[in-house]
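Thank you all for coming. I would like to walk through one structure this morning, moving from one region to another, and please keep the picture in view while I talk.

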Amino acid sequence: MSLARYLGVVLLGQDRPGPALAASRNVASQLGLAPCAAATRHVLYAAGPAETVNGFPAATHVVGPTFPRAPSGSPFVGTIDRNAAPAHFLEAIEARWGAFVAWTSSEATGEVFVYRDPSARCPCYYRRWGDEVVIASHMPFIEALTGRAEAINWAVVADELLYPDLVGRASALRDIAEVLPGEILRIGHAGISHHALWSPAKFIDAAAMPSSEAAQDEVTRAVDNACRAWSHHIGPLALTLSGGLDSSVLAATLPGLRHAVTMISDSGSGDERAFAGDVCRHFDLHMHELQLSPADVSLSVSEAAVRPRPSARAFTQSLVRHALALADDVGAQAFAYGSGGDNVFCFLRSATPASDRLAAQGLGAGYWKTVMEVAAVTECSPFLIARRSLAKLLRRRQAWTWPRDERLLAPALLETHRSHPAHPWFAEFADLPVGKREHVAAIMRGLALVDYLDSTGGLPTVYPLLSQPVLEACLRQPTWLWYEGGINRAIIRRAYAQKLPGRVVQRASKGGFTGLVRSLYLDNLAQIRGMLLDGELCAQGIVDRQALEAALARPPVAADHTYVRVMRFVDVEAWLAARRG
């Protein structure tokens, strides 16, 4: 659930109000939105936290929760950004973090500027509608003014499957676009343009050599700042606790936390009660065990039906159903998730941290130490890590590409889709260390998680580890420090070593929901066959029907997670049916 709601309309090429602008007041009132900004050529309505920051020549309107950004934080508005938006607008943005959009205008030029913060927690969709642009936090708000968006963008649907978790500006609905995290949308007589104001590369210094202690201190302060801010803003939180490192860090840090929820999906990796119990006893938390069941899930229902892309996952229906009931019982105002921790804490599973140290310090003792540490984490031989790290460094000038998942996709599609969708952060990859490129890509995947873990109703969810201060602090640390001592996420493990139970700090295993997904697959195989073999993905030549039939005929085995891939197809078909409905 979004933490704020808004709807705006901007005129492009005409001086008199268009149909969307004329109808906006009544529609906004019906949606429970109040006037926030109004001028001849644009309007903005909002609900939830909002503030007006007075500036010259126009005010900046901020919608969504915000917190003061630490003065010591690195500036991210550079010389090249000064022409992207008015100076007062840039200053207001740089002084804040949270889950917000900011809006200002220039009466002199007739332009409107909209900024979306880097956390991805406040959506920003827009639709060009004749000579107007309609912008909103929720796609149904846009459709209330412009009518239903029905044209499927099949190229984006294909890319969603071929390049998982890579979210671009184009959506799977042809008429709906998205402002990416950290971007400014500029709307005026000349049309619509995007500018990447906040980007990860602005916080990465390849020459920086902080100590392990300094890195721990900076990351810990950022996590503390994020947890304190969110807890004080929202009120009582319930934590989804797996007993893994990331959620346990939140258990140690969220002030006033009383309730932790452990989701049980099977008797294997989905049952983490032992680790979660250790954490709850350590911090005197009330532990609630929720048994997830395939019976709670309807495969034909898409939680993403009101979003412009098939981002939801069916198994989360069970999670949301039980979590909302519990929140009502214990008086929680929101749920906190540790999701994204692996991503921001630089768990890369590759040789690139050694590549980065080699590039920074050469073939010295430090490099060979990192080779041994990465080998220990990845369970590869030091010789293999050294060889791969050197190869990656030598190939660093080659264009970086997002990993492809070609399983069960049609050969003709694979031939025509040879490159991944564009993203503004990729433009800066050429100047980054190879490990930092992977770190940024991991953060992008973490931000993509937000969309499919959120439900369309109920309580808000917060992801403190994906907050802007945490992103910036983690980006500043060299990749090899995250592997120091031969453990993954070493900076955060060492920082919390004295605060968490010992076996949680040392835990290397990972839980998950694959058991629940497998049960969903086995319990609904006949329905899945019908949805997919007679579905639009096969009809559009995106999925290889023959390969899919063969996969559906094979019983799933422990080492083969093809059924997870098939269930992703089911999610997409459910979304397509909802949009067609």
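Which residue stands opposite R127 in β11? The residue that stands opposite R127 there is V134. Before I go further, a word on the source: this is a predicted model, in which local features need pLDDT of at least 70 and side-chain atom pairs count only at pLDDT 80 or more, while totals for chains, interfaces and linings use all residues. Residues are numbered from 1 along each chain as its sequence is written, and side-chain values use heavy atoms, with hydrogens and water left out.

Let me stay with that pair of strands. Strands here are DSSP runs of E with at least two residues, helices are runs of H or I with at least four, and both are numbered from the N terminus; two strands pair if DSSP finds at least two bridges between them. Strand β10, residues 125–129, is joined to strand β11, residues 132–136, by 5 bridges, and the two run antiparallel. Together β10 and β11 form a hairpin with 2 residues between them, and G130 in the turn has a positive phi of about 65°. β10 also pairs with strand β12, residues 177–178, in the antiparallel sense over 2 bridges, and there Y125 has E178 as its bridge partner.

Contact means heavy atoms within 4.5 Å, and, leaving aside neighbours within four places in sequence, the contacts of Y115 include F76, F89, I93, F100, I184 and W198. A nonpolar core is a set of buried Ala, Val, Leu, Ile, Met, Phe, Trp, Tyr and Cys residues joined through side-chain atoms within 4.5 Å. In the largest such core, which has 176 residues, Y115, V223, F345, I542 and L548 touch the most other members. A second, separate core of 21 residues includes V101, V114, I135 and A177.

The other open sheet I want to show has 5 strands, in the order β17-β16-β15-β18-β19, with parallel pairing. Here β17 (286–291) and β19 (461–462) stand at the edges, and since each has a single partner strand, one side of each lacks a neighbour in the sheet. Strand β15, residues 237–240, is joined to β16 by 3 bridges, and these strands run parallel; A238 has H259 in β16 as its bridge partner. Helix α7, residues 273–283, lies across β16 and β17 and runs at about 160° to β17.

I264 counts as buried, at 3% relative accessibility, and its C-alpha atom is separated by 9.4 Å from that of G512, 248 residues apart along the chain. S247, in helix α6, is also buried, with a relative accessible area of 5%.

Finally, the cysteines. A disulfide is a pair of cysteine sulfur atoms within 2.5 Å, and a search of the whole structure finds 0 of them. For C122, the nearest cysteine sulfur is that of C124, 7.5 Å away, and C122 is in no disulfide. C36 is partly exposed, with a relative accessible area of 21%, whereas C122 is buried, at 1%.

Note on methods: Buried means under 20% relative accessible area, exposed over 50%, partly exposed in between (1.4 Å probe, protein chains only). Axes are lines fitted to C-alpha atoms, for helices over the stretch in contact, and angles run from 0 to 180 degrees between N-to-C directions.
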